[in-house]
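Hi everyone, thanks for coming. Today I'd like to walk you through some side-chain contacts, so please have a look at the structure first.

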Amino acid sequence: MKKPIIAGNWKMNNTIAQTKALLTELIPLVKDEKKTEVVVCVPYTNIATAAELIKGTNIHLGAENVHWAEKGAFTGEISADMLVELGVEYVIIGHSERRQYFGETDETVNMRVKTAIAKGLKPIICVGESLELREKNRYKTFLKKQTVAALKDVTAEELDNVVIAYEPIWAIGTGKTATAEDANETIKIIRNTVAKLYDRKVANKLRIQYGGSMNAKNAHELMEQKQIDGGLIGGASLKAVDFSIVVKH
Ligand code: PGA
């Protein structure tokens, strides 16, 4: 049985002081949760603080990006070794905000994924279409292409430690959620793509999250869908009570 995974994506939010306050409130709220894996993906500057606070709890630690190179002249970037040293387990790769504002491409996503895996980090790979592609009914081809590109040269064994997050761009931070049925159907397309790349068994094992305005109110309905194995939560992960409700859905 695969374990559902609910991951908070804090984005560029929370100072160290705010990190301490939020996690101190969150830890007791989710401490008895056993059926769902709980992850918080935090800004780089908060990783050490978060690692210390969640030690010995059921909360897992994630970062929001990682560079593909081992080390070197990449001013402003962070390497996988730096994250591993701090106890980071998961890393978000290819979030639509990175693709939209920071020049992330399918190719650099794949490079980051391969480095993350090689270093023992578990990538949460984000894919998702724009409103325009959705309305023109071109999203299926687009998602297949994004998925194939992200997983290039990733082996079936390595896929055990990979999570995919389907995040329709038009649903992120907008309060517009994909309907549970739409999210389910679209994730099925992604899963079928993975089945074609590997095989059905591997595809069925893969955890695929939904992300985009998932919150305390709609988490239950989304999580009830057969294809949805978790959520990547932005806004609602910044409030301990809301996030804990999503975790418990
Ligand atoms: P949201 O963000 O929950 O605020 O829509 C999700 C995400 O971008 O990961």
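**Rings and charges**

Let's start with Phe102, which counts as exposed because its relative accessibility is 54%. A quick word on terms: buried means under 20% relative accessible area, exposed means over 50%, and partly exposed is in between, with a 1.4 Å probe and protein chains only. Before going on, please note that this is a predicted model, where local features need pLDDT of at least 70, side-chain atom pairs count only at pLDDT 80 or more, and totals for chains, interfaces and linings use all residues. Residues are numbered from 1 along each chain as its sequence is written, and side-chain values use heavy atoms, with hydrogens and water left out.

How many aromatic pairs does a search of the whole structure find? The search finds two. Tyr101 counts as exposed, at 54% relative accessibility.

Phe102 also has a charge over its ring: the charged end of Arg98 sits there, 4.1 Å from the ring centre. For this, NZ of Lys or CZ of Arg must be within 6 Å of the ring centre and within 35 degrees of the ring normal. Arg134 does this over the ring of Tyr139, with its charged end 3.7 Å from the centre.

Now to salt bridges. Side chains of opposite charge can pair when their charged atoms come close. Here we need a side-chain nitrogen of Lys or Arg within 4 Å of a carboxyl oxygen of Asp or Glu, and by this rule there are 19 salt bridges.

One of them joins Glu37 and Arg207, at 2.8 Å from N to O. Glu37 is in strand β2 (residues 37-41) and Arg207 in strand β7 (residues 207-211), so this pair links distant parts of the chain, 170 residues apart. Helices (H or I, at least four residues) and strands (E, at least two) are DSSP runs, numbered from the N terminus. Are Glu37 and Arg207 buried or exposed? Both are buried.

Glu104 and Arg112 form a salt bridge too, at 2.9 Å from N to O, and both are buried.

Definitions and conventions. Rings of Phe, Tyr and Trp (its six-membered ring) pair if their centres lie within 6.5 Å; planes under 30 degrees apart count as stacked, over 60 as edge-to-face and the rest as tilted.
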